[in-house]
Amino acid sequence: MYVEMMFDSLEGLSVGDALGQQFPVMRTSVDALRAGAAPGGQWRWTDDTEMACSVVAELCTRDAIDRDHLAAAFARRCDPGRDYGFSTVGNLSRIRKGAPWREVSAAAFDHQGSCGNGAAMRVAPLGACYASDPDMIVTQAIRSAQVTHMHPEGISGAVAVALAAGQAARARLDGIRPTPEQFITTVLDRLDDGETSRGIRRARTLLGASVHQVAGELGNGSRVTAQDTVPLTLWIAATHLHDYPTAITTCLVAGGDIDTTAAIAGGIVAAHTGPEAIPREWLVAREPLPAWLDRARPPKPGRLRRWLTGSPRRRQPARGISKPSPTQ
Ligand SMILES: [Mg+2]
């Protein structure tokens, strides 16, 4: 497990979420933001971050997703003031009162299960955590999605984002950045066929197009489904994998469900760049992550432990990309 890269991804996810939430009421421009400006007090994060923190805490505590525990954690920590969807608040409330998550999740949306973007929005850190093991990424992403999203598209969106984040982190370890086309192809290679994967395949044909054209063709999350959200975020992450500020501001330009598109793209890109690529002003403006997450976080390995565990020598990273510590 790559615990440090998992937390790097969470930083990128939460800053994207908080900035996306705050942006509509900011009196600023995308150009000013690109320059690192951070107007307007503290940026409050939303459900994307709250749920991602629960996923990360689960992986710190149990090394893998235990669906019963994750469902209970989502339900216990759900603060409706964090901009959760109406049905999610109701479903998590039922789980908190003792209803089995399997029944609640399967019964959603007239027994079709949810295909919302909620499983995709929280999963990037999981992909970074299992960077070297795509099979594990797929297995664990499915498990993390099922507790709230039983529809195949809701699950597929989560698997796609987790695979993208895992590949982003893997590329950081290897010091080799894939081309945008390679990046998207690697995700597609392990994705089941469906509406979400077809959208991602379409995204691959739009590399180099303007973000307005891409959002017009793929959707921008305004329908809050995985199909309408994930293809655009993968296009943005693939195009700007080395450039966190541009990835996030591109989400803002695309419009739609911008706290979630910025959370997804931010979680993927920061897994590759490390937190150093996030403008310091943005990190400072983001509301601190919850204290309970700090308590779940294992201590960082010291130099002596890294030496004793014999971390392999790796190629030098690309310029501006920080190298993570070895596995924990
Ligand atoms: Mg949100």
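Which helix does R198 lie in? Select R198 and you will find that it lies in helix α11, residues 195-205. Helices here are DSSP runs of H or I with at least four residues, numbered from the N terminus.

Before going on, two notes on what is on your screen. This is a predicted model, in which local features need pLDDT of at least 70 and side-chain atom pairs count only at pLDDT 80 or more, while totals for chains, interfaces and linings use all residues. Residues are numbered from 1 along each chain as its sequence is written.

**Stop 1**

Next, show α11 together with helix α13 (residues 226-239). Their axes are 8 Å apart and the helices pack at an angle of about 30 degrees, so α11 is roughly parallel to α13. Axes are lines fitted to C-alpha atoms, for helices over the stretch in contact, and angles run from 0 to 180 degrees between N-to-C directions. Angles under 35 degrees count as roughly parallel, over 145 as roughly antiparallel, 65 to 115 as roughly perpendicular, and the rest as oblique.

Two residues are in contact if their C-beta atoms, placed from the backbone, lie within 7 Å. Colour the selection by class and you get 7 nonpolar, 3 polar and 2 charged residues. Ala, Val, Leu, Ile, Met, Phe, Trp, Tyr, Cys and Pro count as nonpolar, Asp, Glu, Lys and Arg as charged, and the others, Gly among them, as polar.

**Stop 2: L234 and the core**

Keep L234 selected. Leaving out residues up to four places away in sequence, L234 touches A160, A164, I184, V187, I200 and A203. Which residues touch the most other members of the largest nonpolar core? They are V161, A162, L234 and I268, in a core of 98 residues. Helix α9 (residues 152-174) gives the most to this core, with 13 residues. A nonpolar core is a set of buried Ala, Val, Leu, Ile, Met, Phe, Trp, Tyr and Cys residues joined through C-beta atoms within 7 Å.

**Stop 3**

Is Q167 buried or exposed? It counts as buried, with 28 C-beta neighbours inside 10 Å. Q167 touches F183, T186 and V187, not counting residues up to four places away in sequence.

Then select T148, in the loop between α8 (134-146) and α9. T148 also counts as buried, with 28 C-beta neighbours inside 10 Å. Apart from residues up to four places away in sequence, T148 touches F74, T88, N91, S105, S114, G118 and A119.

**Stop 4: α15 and two partners**

Now show α15 (residues 258-273) with α14 (residues 244-254). The two axes come within 9 Å and cross at roughly 165 degrees, which makes α14 roughly antiparallel to α15. On the α14 side, the contact residues include Y244, I248 and L252, and on the α15 side they include I258, A262 and V269. By class, this contact has 11 nonpolar, 3 polar and no charged residues.

The axes of α1 and α15 come within 7 Å and cross at roughly 155 degrees, so α1 is roughly antiparallel to α15. Among the residues that meet are M5, D8, E11 and D17 in α1, and D259, A263 and A271 in α15. The residues of this contact divide into 11 nonpolar, 8 polar and 4 charged.

**Stop 5: two positive phi values**

Most residues other than glycine have a negative phi. Select D63, in the loop between α3 (47-62) and α4 (67-77). D63 has a positive phi of about 70 degrees although it is not a glycine, and D63 is exposed, with 12 other C-beta atoms within 10 Å.

Finish at H111, in helix α6 (residues 101-111). The phi of H111 is near 65 degrees, a positive value in a residue other than glycine. H111 is exposed, with 8 other C-beta atoms within 10 Å.

How values were computed: Buried ≥ 20, exposed ≤ 12 C-beta atoms within 10 Å, placed from the backbone.
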